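Trainee: Pick one spot in this model and take me through its surroundings at close range. Then carry on to whatever else deserves a careful look.

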Amino acid sequence: MSAIEVRGLSPLNGKIEIQGSKNAVLPMMAATLLARGLTVIRHVPAIADVFCMIEILRSLGCVCQLAKGVLTVDSSVVDSVRIPEGFVGKMRSSVMVLGPLLARMGEAVTYYPGGCVLGKRPIDIHLKALESLGAETYEAGGMILARSNGLKGNRIIFRFPSVGATENALMAAVTAEGTTVLSNCAREPEIVELCAFLTAMGARIEHAGESELVIQGVRMLHPCEFSLGADRICAGTYLTAALMVSGDVVVSGLNPEYLDGPLRLMERMGAVVQRNAKAREIRVTAKERPCGFETVTGPYPAFPTDLQSPFLAAAAVARGESRIEETVFEARFAAALRLRDFGAVIRLSGCTAQVEGRYPLFPAIVRAPDLRGGAALILAALAAEGASVIDGCEHIERGYEDICRDLLQIGADVRPL
Ligand code: UD1
């Protein structure tokens, strides 16, 4: 599927069972390198980034299979230390393989990472953390080599709570000798899930979900069976769609707490939000056009940068003016330029977008600039009077298993072209 046609203004109501979390499963897949044997992960989404990580693990010697949401990784044999450059270019998260590969093999080679085009995406915090654990790193011609004669626990204070660097350091530390203390860690729910996964493999981690993690190194991890949680960003995307077109949508499978910031904002915008932690369901009902809002993205528990683009689409239909400040990724307003084609008035100044909404939007033919930006354009098309086409959907497939299937379930008029 490279394009999706959307006929806007269909009433959206119904329930969507949310796919497994992309950002949780990718580091878990990297972590399978820390155990020798067959690890099983359930509820794994069939998305391009997961397929890319499967190929990386295969290139290192693992045997992987994904069928009906069940991923098996047999990491008994790992016979390469080189993450092939082609995969690194496709997906930034490939850098997460560095820590566990180094821990297992004493050496790991990778390249500067790619992924969504979100401005400069350096990996200095990852490398510094590995160096603190005793690795030597060398960089030349876009290639990065990390080497160690056995990692050793240490105290690491991150200069910024990077999600990927926290995960990399965590995966390198669980089998390092002695105690590691990680301070100013990222606290995203996906890190809590990674801690649970590593603990199921025999790791000893204290204070999961807090900004200081304490890890007692163990000699080896063992394979485990694990069930992956739902993707909070997918859930947030679909609930935002409901908010934009006065819908009534339930997403299921997710702990509502993980979306607390965005849900509170939806309430301020006029939606009624029902959280059912026990049933793991969230219902968003919107009776009228949302009102303008202000938000600033930041590390969890602040507003997630991954939902900034969908909320930019919501701002495009909101009454009055909205203001969104992006503090995590410098170039994350690519969707804004395309949203103008739908009739929204958007002024960009540095890391701030000011938006004057209109409803309904005009239909448009646009190209998805990146993963979440692409999803945002689909949301805008759902609120446009007439037929729109979103091209470049390979970006969307990196993170949404089947966005048409999900939206059809709640009554949207969408079809892959
Ligand atoms: C992860 C998520 C991504 C999400 C982001 C922030 C995955 C697979 N991806 O990405 O969806 O948008 O968290 O919630 O989980 N930085 C440095 N040096 C480093 C590392 C990061 O300067 O070594 C900067 C980045 O350029 C960026 C900021 O820190 O400006 C946040 O990056 P980080 O938290 O590392 O995001 P990712 O792990 O790449």
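Mentor: Start with the contacts of T180, counting heavy atoms within 4.5 Å. Beyond its neighbours within four places in sequence, T180 touches L133, G153, N154, A173, L213, V214 and I215. This is a predicted model: local features need pLDDT of at least 70, side-chain atom pairs need 80 or more, and totals for chains, interfaces and linings use all residues. Numbering runs from 1 along each chain as its sequence is written, and side-chain values use heavy atoms, with hydrogens and water left out.

T180 sits in strand β10, residues 179-183. Strands are DSSP E runs of at least two residues, helices H or I runs of at least four, numbered from the N terminus. The relative accessible area of T180 is 0%, so T180 is buried (under 20%; exposed is over 50%, partly exposed in between; 1.4 Å probe, protein chains only).

Now the rings. The whole structure holds four aromatic pairs (Phe, Tyr or six-membered Trp rings with centres within 6.5 Å; planes under 30 degrees apart are stacked, over 60 edge-to-face, the rest tilted). F197 and F226 are edge-to-face, because their planes stand at 85°, with centres 5.3 Å apart. That pair joins distant parts of the chain: F197 is in helix α7 (189-200) and F226 in strand β13 (225-227), 29 residues apart. Both F197 and F226 are buried. F303 and F311 also meet at 85°, with centres 5.0 Å apart, so this pair is edge-to-face too. F303 is buried at 5% relative accessibility. F311 is buried at 0%. Ring pairs tie F293, F303 and F311 into a cluster.

Last, the ligand. Its shell has 22 residues, and the closest are R92, I125, S162, D306 and V328 (a heavy atom within 4 Å). By class, eight are nonpolar, six polar and eight charged. Ligand oxygen atoms come up to the backbone at several places. A polar backbone atom of I125 is 2.7 Å from one. For G164 the distance is 2.8 Å. For a backbone N or O atom of V328, the distance is 2.5 Å. Alone, the ligand exposes 740 Å², and the protein buries 89% of that. Helix α5 (124-132) and α6 (163-173) each give two or more residues to the shell. The largest share, three residues, comes from α5.

Notes. A polar contact is a pair of N or O atoms within 3.5 Å; within protein, one must be able to donate a hydrogen and the other to accept it, and residues adjacent in sequence count only if both atoms are side-chain atoms. Accessible areas come from the Shrake-Rupley method with a 1.4 Å probe; for residues, only the protein chains shown count as cover. Ala, Val, Leu, Ile, Met, Phe, Trp, Tyr, Cys and Pro count as nonpolar, Asp, Glu, Lys and Arg as charged, and the others, Gly among them, as polar.
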